[in-house]
Amino acid sequence: MLLASMTEGGVPSAETAAYLRGYAAAWTRQREDTEARAMWSGPSTPGTSSRATAQVLTEVVGAAEHRLVAVTYSARSYAPLTAALSEAVARGVTVDIVVETLEGAGGLLSGREPADAFSRVPGLRLWRWSTGQRPAPGSRLYAKLAVADDRMLFLSGANLAEAGAERNIEAGVLLNGGPIPGRMGEHIRELQR
């Protein structure tokens, strides 16, 4: 019965065909090599070097050729990141930043709106999670990631601010290649729709 509802006269519907194409593409990408690197900012220990989150973020932004999306809970103006984002927009990259709002944070953030950190980057598109769309009071946008061209993904505990990028002990994972960066990017695009 399920198969019959997905086809019209034995021919897959456009929706089913698109799903199958996406599944086949994901399966093909899954076989590609994925480079995974653990990232630490803060003090190094024997056998584990540290690399400032800012370096990794600017690498991801610099790698973007077509599309970049970053998601953060908190953000403060940070010159190296602002410069990298401005350069990305100038070379034609579509840059989307999804950021929590003061209202959405429910009093846990103070000062200026986190989105103000990106006000000096013309052409950058800002997104927020509307409080009216949240499943329950107290739901927060707490993800922290950056995806470049669905091929490079940086997952981190760091917010897009100087403290998270340079001063704090932060951990993250940088994935280059494979299916996961594309899945994360597609999920965010679906949320935007």
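Which residue lies over the face of Tyr142? I looked this up first, and I note that the model is predicted.

**Entry: Tyr142 and its neighbours**

I found Lys144 over the face of Tyr142, at 3.2 Å from the ring centre. I then checked the aromatic pairs, and the count came to one. That pair is formed by Tyr73 and Tyr142, in an edge-to-face arrangement with 4.8 Å centre to centre and 65 degrees between the planes. The angle counts as edge-to-face because it is over 60 degrees. I located Tyr73 in the loop between E4 and H4, and Tyr142 in the loop between strand E6 (125-127) and E7. The pair thus links distant parts of the chain, 69 residues apart.

Tyr142, at 53%, counts as exposed.

**Entry: Ser74**

I moved to Ser74, which is also found in the loop between E4 and H4. Ser74 counts as buried because its relative accessibility is 12%, and the cut-off for buried is under 20%. I listed its contacts, leaving out residues up to four places away in sequence: Ser74 touches Leu109, Pro114, Asn159 and Leu160.

**Entry: the nonpolar cores**

How many residues does the largest nonpolar core have? I recorded 31 residues, and those with the most contacts inside this core are Val60, Leu68, Leu85, Val95, Ile97 and Phe118. I next noted the elements that give two or more residues to it: helix H3 (53-63), strand E4 (67-72), helix H4 (79-90), strand E5 (94-99), strand E7 (145-148) and strand E8 (152-156). H3 supplies the largest share, six residues.

I took Val60 as an example and looked up its contacts beyond four places in sequence. Val60 touches Leu68, Ala146, Ala148, Met152, Phe154 and Leu174.

I examined how E8 is placed between its partners. E7 and E8 run antiparallel and are joined by four bridges. Within this pairing, Val147 has Leu153 in E8 as its bridge partner. The hairpin of E7 and E8 has three residues between the strands, and in it Asp149 takes a positive phi near 50 degrees.

E8 also pairs with strand E9 (residues 170-176), in the antiparallel sense and over five bridges. Here I noted Ser156 opposite Gly172 in E9. I checked the covering of E8 as well: four of its five residues are buried, so E8 is mostly covered.

**Entry: salt bridges**

I counted 12 salt bridges and followed three of them.

In one, the side chains of Glu65 and Arg151 meet at 4.0 Å, N to O. Glu65 counts as exposed at 51% relative accessibility, whereas Arg151 is partly exposed with 29%.

In another, Arg67 forms a salt bridge with Asp150, with the closest N and O atoms 3.2 Å apart. Arg67 is in strand E4 and Asp150 in the loop between E7 and E8, 83 residues apart, and the pair links these distant parts of the chain. I read 33% relative accessibility for Arg67, which counts as partly exposed. Asp150, at 19%, counts as buried, because the cut-off is under 20%.

Glu190 is partly exposed, with a relative accessible area of 45%, and Arg193 is exposed, with 64%.

Which residues do salt bridges with shared partners join into one network? I recorded Arg67, Asp150, Glu186, Arg189, Glu190 and Arg193.

Note on methods: Residues numbered from 1 in each chain as written. Predicted model: local features only at pLDDT ≥ 70, side-chain atom pairs only at ≥ 80, totals over all residues. Heavy atoms only, no water. Core = buried A, V, L, I, M, F, W, Y, C linked by side-chain atoms within 4.5 Å. Buried < 20%, exposed > 50% of the residue type's maximum accessible area, 1.4 Å probe, protein only. Contact = heavy atoms within 4.5 Å. Phe/Tyr/Trp six-rings, centres within 6.5 Å; stacked < 30°, edge-to-face > 60°. Lys NZ or Arg CZ within 6 Å of the ring centre and 35° of its normal. Pairing = 2+ DSSP bridges.
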